[in-house]
Amino acid sequence: MNFDAIILGAGQAGPPLAGRLTAAGMNVALVERKLFGGTCVNVGCMPTKTMVASAYAAHLARRAANYGVVTGGAVRVDMPRVKARADAVRTRARTGIESWLRGMSGCTVFQGHSRFEGPDRVKVGDQLLVAPRIFINVGGRAFVPELPGVHDIAYLTNTSILELDAVPDHLVVVGGSYVGLEFAQMYRRFGARVTVIEKSPRLIGREDEDVSEAIRDIFVGEGITVRTKAECIRFAPHAQGIEVGVDCAQGPPEVVGSHVLLAVGRRPNTDDLNLERAGVKTDARGYIVVDDSLATNVPGIWALGDCNGRGAFTHTSYNDFEIVAANLLDGEQRKVSDRVPGYALYIDPPLGRAGITEAQALASGQPILVGQRPMTKVGRAIEKDETQGLMKIVVNAETRQVLGAAILGTGGDEAIHGVLDMMNARAPYPVLQWAVPIHPTVSELIPTLLGELRPAGRG
Ligand SMILES: Cc1cc2nc3c(=O)[nH]c(=O)nc-3n(C[C@H](O)[C@H](O)[C@H](O)COP(=O)(O)OP(=O)(O)OC[C@H]3O[C@@H](n4cnc5c(N)ncnc54)[C@H](O)[C@@H]3O)c2cc1C
């Protein structure tokens, strides 16, 4: 079967790309092996953020008295209803994408696992699809490390944990980065005992130490046990559940949990694509090697989203689609390296991150200035009685460009966009200082931070 283009995977980049290519008159084949919408819609952002909202409601209800609100007794979480709510949100999104694709004029949907047969052809079951352009958007899955005993226990991943309809007695989360932290806090608020085990010295090691510390304080304050420097993680069945070896310098050498969630990273879905038949190169970890326009080493084949290792978020996958579509159809020359990195960690309060950290800026050798403020000095946070966290901005002292910012605090996932937009505009920071922000907001303190810039380390 001949097409103008074949798209492998209906994640965050594939469906909108099908929309643009068909609108440009191309005859497109789109192959999806499992769930339309991919990770974000089915087992990632959407169900987890829906559940984070339930966890927030439980937390706020427990703190109701702080606001002068009287509730009718102890707060209980109805886990089947929490799950049903998340299921409804993800099912609605999935079916929306599927019916959009199936009804798209010029797009033929194939359901099944695709594998390359050559640089211009893939097989789905016994059907052979041929096209001069192939776009790979196959995403990734939870990485299961070969830790001792891991195959002797029933562990959970980000996919299987979403099937729980009862609150675990004691959830042990292995991995202190964004997937692990979001589930850890959410289940603590649902009523589980929770232990987070992280092998490095601090949580979310990609952030500055003060941000990691503040997150640890928030977690410990909610009764979550945090075990860092767990250098020898191992598993064994136990009469009360699962024993997890920790080997930290301090504290008991083992933890016994009723459930274990593995949240130690992701791996690309490239090992079962027969990429070698097309000659497409991958790196040592299986990510497809792409250039700045997301083209692979094989002419006519592009890789978009998590499988190219250039981003690990829904917005980066979607931006990959925008770059490829603009270059192919609009005569533009957009590049991945022009993208200003940003992300949010959806614990509560959330962390919004734009650009690089203070440590990265220092390591780059640039002359930097830093502005910093605890959320206890942010009016909006005080009014909401949500004063945990801090905000921080880093600028280049000579070029006056904003290099990065972190807002760990109430509304931080939204407020960070003021900084992200400035960075995208490549505008010098005084432009942001002259803005007249709305009162009372978290964002209104960003110009204040810029008025209090100091050399690094003197915050
Ligand atoms: C728990 C969790 C929470 C997350 N929360 C956030 C968040 O809040 N914000 C955020 O930005 N990101 C979040 N992410 C990351 C986000 O989900 C991913 O970055 C995003 O889904 C990547 O999109 P993608 O298009 O690259 O691939 P995917 O969404 O993974 O889609 C790939 C698709 O390809 C299909 N496929 C794979 N192999 C084949 C094949 N051989 N043939 C046919 N089809 C195939 C898959 O079935 C899948 O549908 C989260 C991830 C997790 C795990």
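Modeller: Before the packing, a convention: contact means heavy atoms within 4.5 Å. This is a predicted model, where local features need pLDDT of at least 70 and side-chain atom pairs count only at pLDDT 80 or more, while totals for chains, interfaces and linings use all residues. Residues are numbered from 1 along each chain as its sequence is written, and side-chain values use heavy atoms, with hydrogens and water left out.

Biologist: Which residues of H1 and H8 meet?

Modeller: From H1, Pro16, Leu17, Arg20 and Leu21 meet Tyr318, Phe321, Val324, Ala325 and Leu329 of H8, the helices being DSSP runs (H or I, at least four residues) numbered from the N terminus.

Biologist: At what angle do H1 and H8 pack?

Modeller: Helix H1 (residues 14-23) packs against helix H8 (residues 314-329) at about 20°, with their axes 9 Å apart, which makes the two roughly parallel (angles under 35 degrees count as such).

Biologist: Switching topic, how many disulfides does a search of the whole structure find?

Modeller: The search finds one, a disulfide being a pair of cysteine sulfur atoms within 2.5 Å. Cys40 is joined to Cys45, with an S to S distance of 2.3 Å, and the torsion about their S-S bond is about -135°, so the disulfide is left-handed.

Biologist: Is Cys40 buried or exposed?

Modeller: Cys40 counts as buried because its relative accessibility is 11%, whereas Cys45, at 27%, counts as partly exposed (buried means under 20% relative accessible area, exposed over 50%, partly exposed in between, with a 1.4 Å probe and protein chains only).

Notes:
Axes fitted to C-alpha atoms, helices over the stretch in contact; angles between N-to-C directions. Parallel < 35°, antiparallel > 145°, perpendicular 65-115°, else oblique.
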